[in-house]
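Here is a short note to read alongside the model on your screen. Take the points one at a time, and keep the structure open as you go.

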Amino acid sequence: MQISTFKEDLLQLEAFASKLEKYIDVEHRYVPESLVISLNGSFGSGKSTFFRMWTERLTTKEKTGDRPLVVEVNAWNDDYCGEPVLSLVSALIESLNKEQK
């Protein structure tokens, strides 16, 4: 069973997601170009599940000008050609296509 929303979250990680959102909200004002956030942890620790829940939360917020464009890149799954930039560009294109719908 794949958990995809914080309603199903038994570890109560929604508070962590809220803290990350507040951090991004403040930090993006001081970072001149872009901001990249990564999450490290051991295999099976719940990184993908957390990102799936957080992505669902971010993408279902009201469509306002402050709503972020979420670009999902899972380096483990998406590194299929040996060139990391191709995986990033592919994920960006996919996210932009979803946003236009």
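1. Let's begin with one residue. Gln 12 is found in the segment before α1; helices here are DSSP runs of H or I with at least four residues, strands are runs of E with at least two, and both are numbered from the N terminus. The phi angle of Gln 12 is near 55°, a positive value in a residue other than glycine. Is Gln 12 buried or exposed? With 67% relative accessibility, Gln 12 counts as exposed, where exposed means over 50% relative accessible area, buried means under 20%, and partly exposed lies in between (1.4 Å probe, protein chains only).

2. A word on the model before going further. This is a predicted model, in which local features need pLDDT of at least 70 and side-chain atom pairs count only at pLDDT 80 or more, while totals for chains, interfaces and linings use all residues. Residues are numbered from 1 along each chain as its sequence is written, and side-chain values use heavy atoms, with hydrogens and water left out.

3. Now the overall layout. The protein chain has four helices and zero strands, giving the pattern α-α-α-α along the sequence. Of its 101 residues, 18% are buried.

4. Next, the core. In soluble globular proteins, nonpolar side chains tend to be buried together. The largest nonpolar core has nine residues: Ile 3, Phe 6, Ala 17, Leu 20, Phe 50, Met 53, Trp 54, Leu 58 and Val 70. Such a core is a set of buried Ala, Val, Leu, Ile, Met, Phe, Trp, Tyr and Cys residues joined through side-chain atoms within 4.5 Å. Two elements, α1 (14-27) and α2 (47-59), each give two or more residues to this core, and α2 gives the most, with four.

5. Take a closer look at one core member. Leaving aside residues up to four places away in sequence, Val 70 touches Thr 55, Leu 58, Thr 59 and Ser 95; a contact means heavy atoms within 4.5 Å.

6. Contacts also tell us about the whole chain. Among contacts with a separation of 6 or more, 51% are between residues 24 or more positions apart.

7. Finally, the surface. The protein chain exposes about 8300 Å², and carbon and sulfur atoms supply 56% of that area; accessible areas come from the Shrake-Rupley method with a 1.4 Å probe, and for residues only the protein chains shown count as cover.
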